[in-house]
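My notes follow as numbered points.

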Amino acid sequence: MTIRKLSRGVALVGAGMSKFGAFPGQSSRDLFVEAFQEMLASVEKGFDPKEIEALFIGNFSSDLFENQGHTAPIMADWVGLTPRPATRIEDACASGGAALRQGVLAIASGLYDIVLVGGIEKMTDLPIERVTDTLATAADALYEVPAGFTFPGLYAAMATAYMAEYGAAPDVFLKVGYKNHENGALNPKAQFGQRIADIMEARKKSAAKKGLPIPEWADEMAFLNDERANPTIAWPLRLYDCSPVSDGAAAVLLVSEDLARRFTDTPLYVIGSGQASDGAIHDRPTLTSLPSAKKAAEMAYQMAGVKPADIDVVEVHDCFTIAEIIATEDLGFFEPGQGWRAVAEGKTARGGERPINTSGGLKSKGHPVGASGVGQVIEIWKQLRGEAGERQLPGNPRLGLTHNVGGTGQTCVVHIFERR
Ligand code: COA
């Protein structure tokens with residue numbers, strides 16, 4: 001493969017996000033303004049937002065979720081940036097990552113020096129049946145949907161294939177969810193910012209208040225294995241194996257490398273960018289790996305000139321717990337079939353040798369689909385700058401990676417960031 005380099009360097013100099021969650025009465029516009037304001041406040045040396053020359057907005061389906069198409073100029077208007085060009089980028093749940101890549105390319109090409117990349121999605125206004133149908137439009141309508149698959153079903157098929165091929169048991173998927181709730185509990189922006197132990201306690205209190213029998217569980221795994229507390233959604237995946245339905249927005253400011261220190265003394269440089277596509281799930285050589293993720297990762301690693309072992313902080317697309325395990329293998333952190341063992345041995349926990357999803361991941365932080373890829377970058381921004389508070393990784397991390405998947409892997413986008 002030809003190794004591609006950016007024709008000029010690109011730096012990340014500001015980052016912000018709204019809280020992720022369910023916010024009745026707030027539209028994606030409101031959430032985007034919140035993210036934009038936090039991004040502005042994060043630029044230590046300050047700047048005039050009018051210097052922003054273009055916007056790239058990741059959004060999956062404001063059309064179906066909010067009955068509003070053509071969202072990018074609306075976002076530009078709501079943050080006072082018209083008449084700058086504003087373009088919506090749609091690649092399902094990878095829309096945010098794809099928008100970031102377009103922003104990077106726009107600066108690397110020399111067309112712009114200062115670009116705003118956003119991600120937005122407002123999902124919770126619809127009833128769950130319509131959310132599920134809307135998400136299903138990201139699957140292949142000719143092959144995947146007519147086979148009766150919803151998204152939890154598609155990832156459940158990957159989970160059963162993984163179990164059959166590598167001998168993993170469903171308990172290990174639950175352990176991914178457990179870990180991500182432990183991390184999300186330390187993230188004030190997370191939708192489910194509670195540890196499983198906190199959720200168990202809340203359930204007990206709620207039962208007592210209602211005068212119902214108080215449930216008892218020996219420990220967190222007993223709770224997660226309790227069909228009443230954690231019902232099966234699509235076997236073997238249960239509720240706590242699924243990312244939630246969420247509202248949220250995120251925004252980052254990209255500038256050409258030569259301008260970076262005008263904005264901040266601690267810029268992050270985008271040193272690797274890869275994106276790849278694939279066909280529907282029935283037509284793949286395997287269900288236990290995403291070829292698009294392997295290809296996107298290879299492109300990003302080669303551009304950056306780094307190896308998996310060099311990466312310090314990683315945010316992967318855990319739309320379902322099985323997806324996190326597969327991602328850690330596709331990205332080269334573990335050999336094929338070893339990702340589940342790494343989870344079982346605690347290697348991917350915050351204190352482990354290869355921490356994954358310190359933000360809480362999509363599972364706990366939330367998954368407003370078009371915003372998720374940009375939301376991942378916020379965690380890298382915080383961790384590499386030593387601003388992640390209680391969940392800060394030790395050792396002065398220097399390199400961070402994001403992995404953002406659309407559909408069942410029809411799109412994957414990988415980015416690598418460096419603090420110098
Ligand atoms: N994890 C943990 N708890 C969850 C949850 C999740 N993913 N989703 C909802 N809950 C909780 C709610 O907070 C609520 O708790 P409470 O009773 O204590 O208030 C309870 O479960 C029921 O919530 P509700 O909103 O009625 O759930 P639901 O049945 O409508 O939705 C799913 C549950 C799993 C179907 C939904 O979250 C889903 O579809 N997730 C996958 C989204 C997806 O496919 N994204 C794209 C990926 S590619």
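1. A polar contact here is a pair of N or O atoms within 3.5 Å; within protein, one must be able to donate a hydrogen and the other to accept it, and residues adjacent in sequence count only if both atoms are side-chain atoms. A polar side-chain atom of Lys-363 lies 2.9 Å from a ligand nitrogen. For Leu-239, a backbone N or O atom is 3.5 Å from a nitrogen atom of the ligand.

2. A word on the basis. The model is predicted: local features need pLDDT of at least 70, side-chain atom pairs count only at pLDDT 80 or more, and totals for chains, interfaces and linings use all residues. Residues are numbered from 1 along each chain as its sequence is written, and side-chain values use heavy atoms, with hydrogens and water left out.

3. The ligand shell has 16 residues (near means a heavy atom within 4 Å). The closest are Ile-128, Leu-135, Cys-242, Ser-243 and Lys-363. By class, the shell holds 13 nonpolar, two polar and one charged residues. Ala, Val, Leu, Ile, Met, Phe, Trp, Tyr, Cys and Pro count as nonpolar, Asp, Glu, Lys and Arg as charged, and the others, Gly among them, as polar.

4. Where does the ligand sit? The space it takes is the largest pocket; sitting there requires more than half of its atoms to lie within 2 Å of the pocket's grid points. Pockets and cavities are found on a 1 Å grid over the protein atoms alone. A cavity is a set of points where a 1.4 Å probe fits but cannot get out; a pocket is an open set with protein on both sides within 12 Å along at least five of seven lines. Lining residues have an atom within 4 Å of a point.

5. Helices α5 (128–136) and α6 (151–166) each supply at least two lining residues; helices (H or I, at least four residues) and strands (E, at least two) are DSSP runs, numbered from the N terminus.

6. The second largest pocket holds about 240 Å³. Among its lining residues are Arg-203, Lys-210, Trp-217, Asp-226 and Arg-228. The lining has six nonpolar, one polar and five charged residues.

7. How many cavities of 30 Å³ or more are there? The count is two. About 70 Å³ of space lies in the largest cavity. Helix α12 (321–330) and strand β10 (399–406) each supply at least two of its lining residues, as does α6. The most comes from α12, with four residues. Nine lining residues are nonpolar, two polar and one charged. Tyr-155, His-317 and Asp-330 are among them.

8. The second largest cavity has a volume of about 40 Å³. Its lining divides into two nonpolar, three polar and five charged residues. Lys-189, Lys-365, Glu-379, Lys-382 and Arg-391 are among the lining residues. Helix α15 (residues 369–384) gives the most, with four.

Notes. Points joined across faces, edges and corners; volume = space filled by probe spheres on them.
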